[in-house]
Structures are given as structure tokens and as C-alpha cells.
Amino acid sequence: MGKCMIIGCGGVASVAIHKCCQNSEVFEGIMIASRTKSKCDTLRDKLQPTTKTVIETAQVNADNVDELITLINSYKPDVVLNLALPYQDLTIMDACLATKTHYVDTANYEPLDTAKFEYKWQWAYREKFEQAGITALLGSGFDPGVTGVFSAYALKHEFDEINYIDILDCNGGDHGYPFATNFNPEINIREVSAKGSYIENGEWVETEPMEIKRVYNFKGVGEKDMYLLHHEELESLALNIKGIKRIRFFMTFGQSYLTHLKCLENVGMTSIEPIMYEGREIVPLQFLKAVLPDPATLGSRTVGKTNIGCIFRGKKDSKDKTYYLYNICDHQECYREVGSQAISYTTGVPAMIGAMMIMTGQWNRAGVYNIEEFDPDPFMKALNEWGLPWEEDFNPVLVD
Ligand code: NDP
């Protein structure tokens with residue numbers, strides 16, 4: 001069917017690449033292009049004997065628009081799947097515009113010097129993408145990603161209007177380390193040490209980091225502490241889902257993780273302000289990343305399950321209704337299949353599906369869109385087919 005260029009070759013990209021190779025009918029060719037080419041070559045050498053997908057590799061600095069344009073022009077992919085870091089979103093979008101190539105990512109742009117998660121920078125490209133006749137699909141991971149597809153599906157099939165959404169992200173996995181992050185430590189720590197927030201009646205309500213705590217009993221995992229966080233999909237879902245009065249995001253954390261994080265914060269190790277060290281400038285959080293376990297190596301050690309989903313409350317035929325859509329994913333099953341833990345898996349599978357939606361023309365609209373703006377049905381079907389089956393509950397326990 002076509003060719004996809006995947007930028008980045010870390011934890012999430014590795015899963016997406018495995019999945020593209022399982023789906024050779026759609027992904028006839030892929031190019032893995034990243035900063036460290038040796039990682040791309042290692043993955044190609046492992047996967048090429050197992051797949052009909054023709055795998056090419058390249059070195060690229062995705063901060064450099066001209067380099068990206070040259071590479072895209074030489075490979076001519078139908079879609080660029082951005083699985084590098086949020087800092088690269090805008091340069092990759094610029095290169096897609098210049099080459100008229102569709103764009104897909106899993107996380108919204110974030111400037112390097114401020115931990116700020118907002119869509120405004122990427123939404124500013126709407127007209128340019130429309131005029132170029134190409135699609136930018138924003139946030140095709142799990143959250144954002146599947147949570148948006150779940151919301152669009154709930155609105156389409158189960159509700160006339162949705163008034164409340166609680167997104168619950170539970171990781172019941174145990175990697176045996178006192179402290180490690182499940183995806184890029186720098187991005188992860190920037191996210192969880194920021195102030196919390198949620199949207200109520202169209203306004204952002206801000207909280208102190210980890211100020212709001214609830215306990216929830218997750219199917220497949222059991223009872224866990226969860227904390228309200230700011231999360232990027234709140235911004236787009238509050239605009240795109242009809243009738244929203246309040247939308248919140250909760251993530252589970254164990255006590256050991258929180259105690260370590262607090263200590264690291266207290267000594268200044270999570271700061272993104274550069275400091276001078278032995279005559280050169282370093283960013284404490286980037287140094288911390290260098291000493292923490294690489295998330296890509298956690299797969300073999302992690303046992304347990306994730307359970308991520310959305311609880312909806314709203315109206316159907318003028319009656320109150322509640323509905324819970326979620327996926328349960330087992331760390332060790334993921335590891336056996338693709339050599340990664342479930343956090344990378346639950347992000348990499350929807351990234352492949354998002355690229356597939358565009359390559360197959362099932363999602364076909366020029367402009368910049370968040371995932372919930374497309375028809376959820378083919379994506380929901382693909383989740384069941386490609387390893388993230390969903391479950392539903394019409395009488396869930398609610399979060400107060
Ligand atoms: P990793 O750090 O494991 O991988 C990032 C990759 O990008 C690495 O291969 C890195 O290269 C490459 N890279 C970084 N900078 C550049 C650059 N300038 N040019 C080219 N390549 C570059 O991160 P993850 O795989 O954990 O995360 C990938 C993305 O997925 C992130 O944006 C993250 O926010 C997002 N994510 C989204 C989730 C969701 O549910 N929506 C959940 C989890 C993650 P090198 O190998 O040289 O370091």
C-alpha cells in the first residue's frame with residue numbers, strides 16, 4: 001500500500017516498527033531515521049528476516065528542517081510518523097509541509113526551556129496543512145490517542161452528550177528498581193512534577209503537583225493510589241466532545257516512585273534550568289536521565305498489567321448514563337511479542353494504527369486534527385486486531 005518514515009528509534013518507535021513489520025500489506029516499506037543510526041540498523045537486522053516490509057535506515061537530526069526535507073525527498077514516504085521527542089514536532093511538521101507529506105505524532109510540541117503542554121503551536125499550522133492538502137494527525141498514542149478515540153466512540157454510539165470524563169491511567173507493573181520511569185525520563189519527570197490541572201465549565205482549574213489523590217480498584221490490577229495530573233488531551237477533548245462540563249486525568253504512582261521523585265526535586269535534580277558544572281553547562285534533568293535505567297531495557301524485568309481507559313457520564317435519550325471503556329495490557333505478553341514493556345506497547349501500537357488510517361485513506365482530511373475529530377470506528381476495530389483489545393463496563397464505580 002505505501003511507505004512510512006519513522007523518526008526516532010526509542011522505546012515507542014521500536015514497538016511501532018515491530019507492528020508495521022507485522023502489517024506488511026499496508027507498510028510495504030519503512031525507513032527508520034533517528035539520531036543514532038546504529039539503533040536503527042540493529043532493529044532492521046533483527047526484523048528484516050521476519051517481514052516482507054522493506055526496511056531502510058538513516059541518520060537524521062530532526063531539529064534540522066533542511067536535513068529532514070532532504071531525507072523525505074529522497075525516500076518519498078506517504079506518511080512521516082514522528083516518534084522522536086515533543087521538541088521535534090514543529091521542525092518535522094515544517095518538513096512535512098515543504099514536501100507535502102502527511103504527519104502523525106503521539107505527543108504535543110513542548111519548548112525545550114519551559115515544561116508547557118499546549119496545542120497552540122501545532123494548531124497554528126491548520127491553514128497551512130489545509131492549503132497543502134495534507135493531514136497532520138496529533139496525538140496517536142494511548143493517552144493522548146486511544147483515550148480520544150474512546151471519547152469519540154462513546155459520543156458516537158453511547159451518548160447524546162457527554163458531561164464528565166475521567167481518564168484513568170493505571171500502571172500496575174513492577175520493574176524491581178526503586179526508581180525508574182517507563183518512558184523517556186526527561187519527558188516523564190517534566191510531566192509529573194508540573195502543577196496538576198483539569199477543566200471545569202470551560203476553565204482550567206490548577207492544583208499543586210499531586211495535590212488530588214484518589215484510590216481506585218482497577219480490573220486486572222487491583223487497588224491503586226492515583227493522582228490528578230495535567231495532561232495534554234484535556235485541552236482538545238474539552239473542545240471537541242459535545243457537552244463537556246468537567247474532564248480530569250489521573251495516573252497511578254507507587255509510594256517508592258513518589259518518595260524518590262520528591263527527594264530528587266528537593267535536591268534540584270529535576271530542574272530544567274541549565275547550571276555550570278566543571279566548566280560546562282548541564283541541565284540537571286538531562287543528567288538524571290543519563291544515570292537512570294533506559295526505559296527500553298525495562299521490558300524483561302517488568303511484570304504486571306496496565307489498565308488505561310475513560311469513564312464517561314452523560315445523557316442518552318434524556319436519561320443519565322455512565323460508561324467505562326478501557327484496555328488491559330500485560331507487560332510480559334508485550335515483552336514476549338515485541339521485546340518491550342506495556343507502556344511502550346500501548347503507545348507504539350496506536351502510533352502504527354494512526355499511520356495506517358492515513359495510508360489506507362480511511363482518515364482523509366487536509367488540515368491539523370486531534371485524533372477524536374476522526375471517525376473512531378475503524379481505529380476501534382484495529383485496536384482489537386493489533387493487540388490492544390478494549391473492554392466496556394456499563395456500571396462502573398465512579399471517581400468522586
Ligand atoms: P525515547 O527517548 O526512548 O526515544 C526517543 C527517540 O528519539 C530516540 O531514539 C532518540 O534518539 C530520538 N531522537 C531524540 N532527539 C532526536 C533528534 N533531534 N533527531 C532525531 N532523533 C531524535 O522516547 P520514547 O520512545 O519513550 O517516547 C517517544 C515519544 O512518545 C515521546 O514524544 C513521548 O512523549 C511519546 N509518548 C507518548 C505517549 C502517549 O500515550 N501518547 C506515551 C509515552 C510516550 P537517540 O536514540 O539518539 O537518543
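Which residues are buried in helix α2 (residues 37–47)? The views below, drawn from a predicted model, begin with that helix.

**View 1. The buried and exposed sides of helix α2.** In helix α2 (residues 37–47), the buried residues are Cys40, Asp41, Leu43 and Leu47. When α2 is viewed down its axis, these buried residues fall within an arc of 165 degrees, so they line one face of the helix. Thr42 and Asp45, on the other side of α2, are exposed. The packing partners of the buried residues of α2 are α1 (11–22), β2 (27–34) and β3 (54–59).

**View 2. The stacked aromatic pair of Trp363 and Phe379.** The aromatic pairs of the model number 18 in total. Among them is the pair of Trp363 and Phe379, which is stacked, with 5.5 Å from centre to centre and 20 degrees between the planes; the label "stacked" applies because planes under 30 degrees apart are counted in that way. Trp363 belongs to the loop between α13 (342–359) and β17 (367–370), whereas Phe379 belongs to helix α14 (residues 377–385), so the pair ties together parts that are 16 residues apart in sequence. Trp363 is buried, with a relative accessible area of 2%, and Phe379 is likewise buried, with a relative accessible area of 0%.

**View 3. An aromatic cluster.** Four residues are shown here, namely Phe159, Phe312, Tyr323 and Phe394, and together they form one aromatic cluster.

**View 4. Arginine side chains over tyrosine rings.** The charged end of Arg301 sits over the ring of Tyr177, at 3.7 Å from the centre of that ring. In a second example, Arg365 lies over the face of Tyr369, and here the distance from the ring centre is 4.3 Å.

View 5. Rolling a probe the size of a water molecule over the atoms shows where empty space is left. The structure holds one cavity of 30 Å³ or more, and the volume of the largest cavity is about 50 Å³. The lining of the largest cavity consists of Tyr164, Ile165, Asp166, Arg246, Ile311, Arg313, Leu398 and Val399. At least two residues of this lining come from each of β7 (161–171) and β15 (305–316). The strand that gives the most to the lining of the largest cavity is β7, with three residues.

Conventions. Residues are numbered from 1 along each chain as its sequence is written. This is a predicted model: local features need pLDDT of at least 70, side-chain atom pairs count only at pLDDT 80 or more; totals for chains, interfaces and linings use all residues. Side-chain values use heavy atoms; hydrogens and water are left out. Rings of Phe, Tyr and Trp (its six-membered ring) pair if their centres lie within 6.5 Å; planes under 30 degrees apart count as stacked, over 60 as edge-to-face and the rest as tilted. Helices (H or I, at least four residues) and strands (E, at least two) are DSSP runs, numbered from the N terminus. Buried means under 20% relative accessible area, exposed over 50%, partly exposed in between (1.4 Å probe, protein chains only). A charge sits over a ring if NZ of Lys or CZ of Arg is within 6 Å of the ring centre and within 35 degrees of the ring normal. The arc is that of the directions from the helix axis to the C-beta atoms. Contact means heavy atoms within 4.5 Å. On a 1 Å grid over the protein atoms alone, a cavity is a set of points where a 1.4 Å probe fits but cannot get out, and a pocket is an open set with protein on both sides within 12 Å along at least five of seven lines; lining residues have an atom within 4 Å of a point. Grid points are joined across faces, edges and corners, and a volume is the space filled by probe spheres set on the points.
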